[in-house]
Amino acid sequence: MAKGKLVKTNAVRLLDQQKISYNLIEYDVDDHIDGVSVAKKVGFPVSHVFKTLVTTAGSGKFFVFVIPVSEELDLKGCAKISGVKKLEMLHVKDLLATTGYVRGGCSPIGMKKLFPTFIDESVNHLEYIVVSAGKIGMQIKLHPQHLISVTNARVAKLTVS
């Protein structure tokens with residue numbers, strides 16, 4: 001942990017309120033880095049570090065997908081799982097207004113609203129998962145079942161084969 005006062009994000013506050021056990025991991029941010037680089041910086045296997053992707057089906061319908069950082073989202077498959085015809089990625093310019101988080105610091109926990117959330121099935125084989133804590137330079141390590149519970153998520157195959 002860095003010295004000085006820790007800034008609590010919505011994700012951290014929500015976990016604290018629900019008395020969910022987690023570890024907060026901070027890392028230095030020199031420039032914008034991708035999820036695989038974040039995994040290396042925080043010292044966890046890429047298979048355990050997940051990214052949060054927000055999609056839209058238009059007309060105010062949003063869906064959240066949490067997948068391993070090295071994987072690619074299967075938009076067609078996810079549309080089917082979500083019960084909509086088509087999904088597209090939410091434009092970066094709309095991310096903050098929709099979720100309360102910025103690109104690179106978007107956590108599946110503590111968004112402005114609890115959107116339908118899906119977590120990739122690879123989580124079933126993990127003892128822990130690492131996701132953004134809601135701020136660039138901060139990650140949360142927690143038990144997968146705790147993430148599923150706090151986000152009211154469904155587990156499914158979400159990535160391109």
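Val 102 lies in the loop between helix 4 (92-99) and strand 5 (117-120); helices (H or I, at least four residues) and strands (E, at least two) are DSSP runs, numbered from the N terminus. The model is predicted: local features need pLDDT of at least 70, side-chain atom pairs count only at pLDDT 80 or more, and totals for chains, interfaces and linings use all residues. Residues are numbered from 1 along each chain as its sequence is written, and side-chain values use heavy atoms, without hydrogens and water.

With 38% relative accessibility, Val 102 is partly exposed, a class between buried (under 20% relative accessible area) and exposed (over 50%), with a 1.4 Å probe and protein chains only.

## His 48

His 48 sits in the loop between helix 2 (35-42) and strand 2 (50-58). Its relative accessible area is 14%, so His 48 counts as buried. Apart from neighbours within four places in sequence, His 48 is in contact (heavy atoms within 4.5 Å) with Leu 126, Tyr 128, Ile 129 and Val 130.

Three strands make an open antiparallel sheet in the order 1-7-6; two strands pair if DSSP finds at least two bridges between them. Strand 1 (23-26) and strand 6 (129-135) are at the edges with a single partner strand each, so one side of each has no neighbour in the sheet.

Strand 1 and strand 7 (residues 138-142) run antiparallel and are joined by four bridges. In this pair, Leu 24 is opposite Ile 140 of strand 7.
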